Amino acid sequence: MDAVTYPVDKVISFINENMIPLRVPFDTQPLSTDFNIKWTPSLITLDPDGKEHHRTVGFLAPQELIPSLLLGIGKSYFETDRFDEALASLDKLLGEYPKSDSTPEAVYLRGVCRYKSTHDPKPLKAAYEQLEAEHPASEWTKRAYPYRLL
Amino acid sequence: MVENITWETDMDAALARAHAEQKPVLLDFFNPG
């Protein structure tokens with residue numbers, strides 16, 4: 001990460017502008033035990049109360065790190081019922097990184113966010129149809145499969 | 001001018017900033033080698 005991803009200007013700007021970056025050695029106690037760290041790099045998105053919402057383990061290239069962080073931000077807002085902010089993050093991910101590894105989960109989560117904020121089931125079906133068309137091999141397409149019937 | 005990522009090194013300081021700036025925290029556990 002230090003040699004390839006973190007030196008990239010776009011990555012530096014994104015992290016400094018959108019998150020509070022905190023970096024600790026993997027064996028720092030009690031954090032290492034509290035977060036059950038077994039391998040590095042482990043990148044975790046926390047809300048301001050310190051609750052975990054998203055985690056990746058292993059190297060991420062610059063073009064994958066930013067969408068992964070956008071997904072983490074979106075999940076942080078979604079899981080605290082801040083659906084408008086979650087949708088803003090997910091829309092940014094889907095608009096700027098439509099081919100990333102994080103994209104299918106973002107399509108799924110955007111459908112769920114829209115459903116939970118409107119109680120209209122159509123976004124769930126739309127999410128499945130988008131996943132089937134654009135990401136047919138994704139696990140998220142399989143998870144959305146029941147929504148085809150809505 | 002982009003310089004570097006401005007890492008915090010203390011959890012309490014990071015969470016205090018997160019509350020003040022209303023931003024999530026990126027917690028990176030790394031191997032210093």
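Predicted model: local features only at pLDDT ≥ 70, side-chain atom pairs only at ≥ 80, totals over all residues.
The contact between the chains involves 24 residues of chain B and 31 residues of chain A. On the side of chain B that touches chain A, two elements give two or more residues: helix H1 (11-21) and E1 of chain B. H1(B) gives the most, with 7 residues. By type, the residues on this side of chain B divide into 14 nonpolar, 5 polar and 5 charged.

Strand E1 of chain B covers residues 25-30. E1(B) pairs with two strands of chain A. With strand E1 of chain A (residues 20-25), the pairing is parallel and runs over 6 bridges. Within this pairing, Leu22(A) has Leu27(B) as its bridge partner. Arg23(A) is partnered by Asp28(B). With strand E2 of chain A (residues 42-46), the sense is antiparallel, over 5 bridges. Here Leu43(A) stands opposite Asp28(B).

How many residues of strand E1 of chain B are buried? The number is 5 of the 6, so the strand is largely enclosed by the rest of the structure.

Helix H3 of chain A spans residues 62-78, 17 residues in total. At 1.5 Å a residue, H3(A) should span 24 Å. Its end C-alpha atoms are 24 Å apart, which agrees. Of the 17 residues of H3(A), 14 are buried, so this helix too is largely enclosed by the rest of the structure.

Notes: Residues numbered from 1 in each chain as written. Chains lettered and ligands numbered in written order. Helix = DSSP H or I, 4+ residues; strand = E, 2+ residues; numbered from the N terminus. Expected span 1.5 Å × (residues − 1). Buried ≥ 20, exposed ≤ 12 C-beta atoms within 10 Å, placed from the backbone. Pairing = 2+ DSSP bridges. Contact = placed C-beta atoms within 7 Å. Nonpolar A, V, L, I, M, F, W, Y, C, P; charged D, E, K, R; others polar.
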